[in-house]
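Q: I am new to protein models. Could you show me how to read the features of one, step by step?

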Amino acid sequence: MGMKMGVENSDRFVTSHRMGETNNNATGSAVHGVIVRNAIKTYGVGSNRYAVLNELNMTVKKGTIYGLLGASGCGKTTLLSCLVGRRSLNSGELLVLGHEPGSLNSGIPGPKVGYMPQELALYGNFTIKETLFFFGGIYKLKATFINSQCEFLSKLLDLPPCDRYVQTLSGGQQRRVSFAVALFHEPELLILDEPTVGVDPLLSHSIWNHLVRQSTEHGRTVIVTTHYIEEARQAHTIGMMRSGRLLVQDSPENLLNNYRALSLEDVFLKLCIKDDGKNPLDRETATNANDSNPVAAPIRNSTRRNSNLARDINQIDTSETEHPSSGKSPCFKIPQMSAHRIGALIRKNYILSFRNIGIFLFTYFLPALQASLFNVTLGHEPTGLRMAIVNDELDVNQGRVCNYTMDCEYSMLSCRYLRYIKDNIIQVQYANVSDALEAGRKGQVWGVVRFSWNFSKEFEMRELNGDAADLANIIGSQIGINIDSSNQQIGLFIEKWLLDAFGDFVRDFRRACGNVPEAGLLPVAFLDPIYGQKSTPFTEFMAPGLIISIVYNMAVALTAGVFITERKQGLLDRSLVAGVKMPEILLSYLINQFTVLVGQTALVFVVMLLVFNIPCQGNLAVAVFITLLQGLVGISFGLLISTGCDNEMGALSLSQASFLPLLVISGICWPIEGMPLYLRKVAYVMPLTYAIESVRCIFSRGWGVEKSNVYAGILVSFAWIFAFLALCLIVARIRKFAS
Ligand SMILES: Nc1ncnc2c1ncn2[C@@H]1O[C@H](COP(=O)(O)OP(=O)(O)OP(=O)(O)O)[C@@H](O)[C@H]1O
């Protein structure tokens with residue numbers, strides 16, 4: 001029933017449906033849909049180089065169906081990808097609808113071609129309707145037209161309801177949706193790579209009928225590959241391919257007659273037997289099937305072929321023909337971008353993001369969680385540090401026990417000093433130094449504090465004698481300290497607390513004795529700091545680096561794999577054949593990720609500044625701006641990874657591998673001034689270094705953009721964004737993702 005309705009409605013394919021256009025079905029006056037001459041295409045490099053297309057010649061008349069048959073691996077897909085402009089020939093000539101694919105105004109890649117690749121090349125998270133609307137957006141089709149096509153093709157191809165998700169469809173249904181995507185915008189040329197795989201015979205029959213109608217009633221050219229040789233009988237011309245060459249091309253009837261065969265399979269078999277053992281480059285033997293046939297003629301000998309090429313090209317309306325030299329865009333010229341394609345890509349990216357709402361929310365809030373974790377875990381003073389105390393001044397037998405006097409009394413000063421030590425240190429009494437040191441070696445204590453038996457007495461002598469104090473007196477009044485310095489941070493804290501405790505002890509004691517408190521301290525005074533506080537918390541030093549590295553790393557992680565999956569599933573190829581340009585894809589991802597980045601950055605700043613009170617002395621807007629720029633650097637780097645890597649694992653490894661070196665070299669955890677001179681130069685050209693320095697200057701010094709330390713961060717960020725994006729385009733061009 002559905003198929004019947006499809007037949008009735010087939011006239012829809014002559015409507016005008018493109019926004020801003022009156023008629024899209026001008027077929028031009030060229031006689032040939034496709035002409036391929038002496039096509040050579042190789043893969044691999046050096047000794048691994050091999051030819052997949054071997055001086056191949058092919059002629060497809062406009063408005064006809066061309067069935068391309070051949071064994072697996074003979075080069076059919078490669079030929080088709082050259083026709084749609086996704087690959088280029090090493091040598092030879094190729095004209096599709098009178099233009100070289102990829103040349104200006106050729107419409108290929110673009111709306112003139114409908115391409116169904118071998119892979120499914122559909123977004124599983126999209127409904128059928130969303131799929132058509134995505135490609136419709138790329139082709140700038142009107143919504144009413146897409147809706148009516150959706151309805152029409154549903155009936156023709158017996159598709160499930162249009163609101164069904166592609167990933168929930170059966171394999172055959174998915175193939176039919178893929179077929180619908182190739183058809184629905186009514187292209188002049190249909191290139192279908194095995195459209196009937198996984199489709200039941202009834203539907204396959206209907207698909208072929210539809211293709212016949214498309215060619216006979218609407219003058220569309222169809223090139224179709226299939227492994228089911230017999231179904232190709234409905235094609236006007238059959239091309240039989242082997243080892244990168246066309247053994248023959250002719251109408252099915254002629255082939256059956258000329259080879260006295262009952263089936264096309266027999267014809268192919270006979271041709272293969274004939275071809276076996278012959279030099280694949282021997283053009284005479286490869287193309288001697290039917291000398292009298294005008295379509296078979298172009299693939300005979302080289303002399304004839306050249307003259308045929310001249311003739312074939314002459315048959316094409318010269319106004320429609322574009323030669324490589326005239327129309328091909330220069331190597332690295334950035335193609336013109338279009339708002340409707342970018343709009344379609346952005347919508348697609350958002351739909352894909354919101355379909356995985358759980359993952360989206362997690363990644364959206366992750367930077368804020370990381371910032372919170374940083375504030376909770378880093379920069380705080382350690383507590384519960386056990387220190388061994390060996391106080392020889394204590395002797396119960398001699399009546400030397402701790403007293404708690406605060407008077408000017410030189411008695412049991414060891415106990416008095418110990419009371420000034422911060423609670424972060426747990427004091428554990430040990431009877432003798434050797435036991436205490438042994439405990440330190442076993443990791444039971446972080447150090448040993450020891451007093452001699454006559455500590456208070458010697459301390460008094462030292463105070464009274466001043467410069468006249470002798471060495472024995474000085475040594476006896478010392479507080480001996482051994483610290484486990486295996487952990488520098490803990491060692492530094494213990495050292496500082498013991499010294500602070502001594503400073504407090506001396507000041508109080510001298511005050512009690514009516515002396516000037518400060519006289520007992522070192523004659524070095526740290527006055528008010530120029531910037532910051534007297535003891536700036538470590539978190540404040542690290543905060544700018546942490547903010548930027550969290551935002552940067554998140555941006556890299558979210559973009560490093562963005563179009564690897566699309567590429568692997570053939571979706572990138574399909575979009576590019578539909579006319580999308582690589583810069584448009586990059587821009588759409590930049591825009592999508594940037595909107596996520598804005599939210600993430602805002603949350604990180606809220607957590608750092610409002611929740612954990614990291615001070616910002618300068619202009620917060622400039623700090624946020626630099627952080628956003630760094631996010632864009634991360635997105636650009638992620639896109640570069642995505643362009644260069646073939647699989648998600650490689651992208652993940654590369655993004656992770658680059659993160660740690662960048663972290664350490666950018667001065668996040670340790671001052672750049674602590675690096676060797678040569679490394680500092682490297683550090684300063686890294687993407688994050690200047691930006692971190694800029695934000696640090698804004699946060700702690702309150703500097704503005706007029707200072708070179710601040711604007712350097714902005715300029716360097718812009719430079720990296722442009723460098724990464726330019727590299728993306730170059731890599732894409734080299735790897736042939738670009739159109
Ligand atoms: N990107 C590539 N790099 C290297 N070799 C490739 C590449 N793509 C295809 N090939 C090789 O080129 C040959 C032709 O492949 P192609 O996909 O064009 O064959 P095909 O006729 O379409 O096969 P099938 O009918 O199985 O799809 C195969 O040997 C294949 O391994």
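**Reading the model step by step**

A: We may begin with the secondary structure: the protein chain comes to 27 helices and 13 strands. Please keep in mind that this is a predicted model.

Q: How much of the protein chain do buried residues make up?

A: A residue is called buried if 20 or more other C-beta atoms lie within 10 Å of its own. In the protein chain, 43% of the 739 residues are buried. Among contacts between residues at least 6 apart in sequence, 74% join residues at least 24 apart.

Q: Which residues of the largest nonpolar core touch the most other members?

A: In soluble globular proteins, nonpolar side chains tend to be buried together. Here the largest nonpolar core holds 153 residues, and Ile 191 and Ile 223 touch the most other members. Helix H19 (residues 538–559) gives the most to this core, namely 13 residues. At least three residues come from each of domain 1 (2–326) and domain 2 (350–375 + 537–734). Leaving aside residues up to four places away in sequence, Ile 191 touches Leu 80, Leu 83, Val 84, Val 113, Tyr 115 and Ile 223. Another core, of 22 residues, lies apart from it and includes Cys 415, Tyr 417, Trp 446 and Val 449.

Q: Which residues are around the ligand?

A: The residues around the ligand are Tyr 43, Val 52, Gly 70, Ser 72, Gly 73, Cys 74, Gly 75, Lys 76, Thr 77, Thr 78 and Gln 118. They divide into three nonpolar, seven polar and one charged. Helix H2 (residues 76–83) gives the most to this shell, with three residues.

Q: Where does UniProt place the feature "transmembrane region"?

A: An annotation comes from a record, and the model can then be examined over the listed span. The unreviewed UniProt entry places this feature at residues 541–565, 586–614, 620–645, 657–679 and 710–732. Residues 541–565 are 84% helix and 0% strand, with end C-alpha atoms 40 Å apart. Residues 657–679 are 52% helix and 0% strand, and their end C-alpha atoms lie 19 Å apart. The unreviewed entry also lists "domain: ABC transmembrane type-2" at residues 506–735. That span is 71% helix and 0% strand, and its end C-alpha atoms are 73 Å apart.

Q: What is the peptide bond from Ile 108 to Pro 109, cis or trans?

A: The angle omega describes a peptide bond. From Ile 108 to Pro 109 the bond is cis, with omega near -5 degrees. Pro 109 is found in the loop between strand S4 (91–96) and strand S5 (113–116).

Q: Is Lys 140 buried or exposed, and what is its phi?

A: Lys 140, a residue other than glycine, has a positive phi near 60 degrees. Its place is the loop between helix H3 (128–139) and helix H4 (143–156). Lys 140 counts as buried because 20 other C-beta atoms lie within 10 Å. Asn 613 also has a positive phi, of about 55 degrees, although it is not a glycine. Asn 613 lies in the loop between helix H22 (582–611) and helix H23 (620–644). With 10 other C-beta atoms within 10 Å, Asn 613 is therefore exposed.

Conventions
Residues are numbered from 1 along each chain as its sequence is written. This is a predicted model: local features need pLDDT of at least 70, side-chain atom pairs count only at pLDDT 80 or more; totals for chains, interfaces and linings use all residues. A residue is near a molecule or strand if its C-beta atom, placed from the backbone, lies within 6 Å of it. Helices (H or I, at least four residues) and strands (E, at least two) are DSSP runs, numbered from the N terminus. Ala, Val, Leu, Ile, Met, Phe, Trp, Tyr, Cys and Pro count as nonpolar, Asp, Glu, Lys and Arg as charged, and the others, Gly among them, as polar. UniProt positions are given in the numbering used here, feature names are shortened, and annotations may be inferred rather than shown by experiment. A nonpolar core is a set of buried Ala, Val, Leu, Ile, Met, Phe, Trp, Tyr and Cys residues joined through C-beta atoms within 7 Å. A residue is buried if 20 or more other C-beta atoms lie within 10 Å of its own, exposed if 12 or fewer, and partly exposed in between; C-beta atoms are placed from the backbone. Domain bounds come from an automatic or database domain assignment. Two residues are in contact if their C-beta atoms, placed from the backbone, lie within 7 Å.
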